[in-house]
Amino acid sequence: MTCESSSAGTTAEATPSLTATTPWRSYGGRRRSTRTARVRVSAVVAGATVLAVLLVPPLVQLDQQAVDLSAELLPPSWAHPFGTDDVGRDLLLRCVYGLRVSLTVGLVAALTAAVLGIAVGATAGALGGWADRAMMRAVDTISSVPHLLLGVFIVAMFRPGVWPVVVSVGLTHWVSTARIVRAEVLSLRSRPYIDAAISGGASRRRIAVRHLIPAVLPQAGLAATLMVPHAMWHESALSFLGLGLPAHLASLGNLIQAARGSLLAGQWWPTLFPGLLIIVPTLAVAGLAGAWRERINPRRRSELVL
């Protein structure tokens with residue numbers, strides 16, 4: 001009788017512990033499934049954006065500059081899913097061309113900023129000493145000036161065009177990548193295999209090229225990926241201010257700038273759809289970058305699962 005009561009008590013004591021851990025595990029499972037769904041949605045949106053940019057202009061044999069004054073400011077319909085602008089041009093086609101230009105500017109500017117950031121950060125971290133301090137003070141000086149203000153100053157020295165915007169964004173956005181790369185290099189310098197390479201007579205240049213830079217490329221690539229939508233936003237801001245791309249070139253910033261009068265008159269679609277094509281790819285890139293960050297940082301991923 002005593003054994004039965006003790007076994008029943010043991011079972012009763014074990015049952016609450018199981019039920020107590022079940023919500024915790026189910027919460028972790030829901031967290032993982034939500035993260036997986038977010039990554040899949042982000043991948044689909046990013047893939048659809050790339051396919052639209054690559055395939056729509058060559059497949060759709062229509063002139064995105066064709067003017068039809070009889071169809072000006074038509075609301076969204078089956079014939080014009082995004083409506084038309086103030087001179088009758090199809091807004092869907094214009095948005096795709098604008099996204100193509102803005103995405104190209106963002107990619108080239110992000111690549112330029114990533115190369116500069118990797119070079120400065122790796123050099124500062126590998127050399128150390130006074131060279132590191134001097135480079136970091138230069139990085140702090142550039143960071144103290146607002147990016148948009150410095151970008152306006154750079155593009156104001158040139159005619160409106162693609163390359164001034166690329167140079168402006170590239171020269172103002174490399175500092176964050178430089179800080180990330182420098183921090184990673186300083187962390188790697190204390191590793192045993194770096195000490196072994198130094199003891200073996202390897203030069204600083206060889207250590208940086210063969211060991212340090214390949215090790216920091218995942219972090220630098222993540223920073224460059226996150227920089228693409230940031231560069232698109234800056235291009236749109238500069239074009240909206242009339243300092244970026246030429247007015248006749250379809251970019252998302254130019255489309256929003258040209259639609260200001262229509263918005264005040266009550267036509268919302270010429271402003272809404274170009275704005276969505278800036279926001280939606282940004283969210284998609286952010287979702288993919290979050291998954292990338294968790295993959296290259298397993299400790300952070302394990303903390304998120306709990």
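1. Contacts along the chain. In the protein chain, residues 24 or more positions apart account for 69% of the contacts with a separation of 6 or more, where contact means heavy atoms within 4.5 Å. The model is predicted: local features need pLDDT of at least 70 and side-chain atom pairs count only at pLDDT 80 or more, while totals for chains, interfaces and linings use all residues. Residues are numbered from 1 along each chain as its sequence is written, and side-chain values use heavy atoms, with hydrogens and water left out.

2. Overall make-up. The protein chain has 12 helices and zero strands; helices (H or I, at least four residues) and strands (E, at least two) are DSSP runs, numbered from the N terminus. Of its 306 residues, 36% count as buried. Buried means under 20% relative accessible area, exposed means over 50%, and partly exposed lies in between (1.4 Å probe, protein chains only).

3. Helix α5. Which residues of helix α5 (residues 162–172) are buried? They are P164, V165, V166, S168, V169, G170 and T172. The cover over these buried residues includes α2 (91–127), α4 (147–155), α6 and α8.

4. Helices α6 and α8. The axes of α6 (residues 175–188) and α8 (residues 204–240) come within 9 Å and cross at roughly 155 degrees. Axes are lines fitted to C-alpha atoms, for helices over the stretch in contact, and angles run from 0 to 180 degrees between N-to-C directions. The crossing angle makes α6 roughly antiparallel to α8, because angles over 145 degrees count as roughly antiparallel, under 35 as roughly parallel, 65 to 115 as roughly perpendicular and the rest as oblique. S176, T177, I180, V181, E184, V185 and L188 in α6 meet L212, A215, V216, Q219, A220, A223 and M227 in α8. By class, this contact has 10 nonpolar, three polar and one charged residues. Ala, Val, Leu, Ile, Met, Phe, Trp, Tyr, Cys and Pro count as nonpolar, Asp, Glu, Lys and Arg as charged, and the others, Gly among them, as polar.

5. Helices α3 and α6. Helix α3 (residues 129–143) packs with α6 at an angle of about 145 degrees, and their axes are 10 Å apart. D132, M136, V139, D140, I142 and S143 in α3 meet V175, R179 and R182 in α6. This contact divides into four nonpolar, one polar and four charged residues.

6. Residue N254. N254 lies in helix α9 (residues 252–258) and is buried, with a relative accessible area of 8%. What does the side chain of N254 reach at 2.7 Å? It reaches the backbone oxygen of P246. Apart from neighbours within four places in sequence, N254 is in contact with S239, L245, P246, A247 and L249.

7. Residue A259. A259 is found in the loop between α9 and α10 (260–264). Is A259 buried or exposed? A259 is buried, with a relative accessible area of 3%. Its C-alpha atom and that of D85 are separated by 7.6 Å, although these residues are 174 residues apart along the chain. Leaving aside neighbours within four places in sequence, A259 is in contact with P270 and T271.

8. Residue L73. L73 is placed in the loop between α1 (2–59) and α2. Its phi is near 55 degrees, a positive value in a residue other than glycine. Most residues other than glycine have a negative phi. At 23% relative accessibility, L73 counts as partly exposed.

Key:
A polar contact is a pair of N or O atoms within 3.5 Å; within protein, one must be able to donate a hydrogen and the other to accept it, and residues adjacent in sequence count only if both atoms are side-chain atoms.
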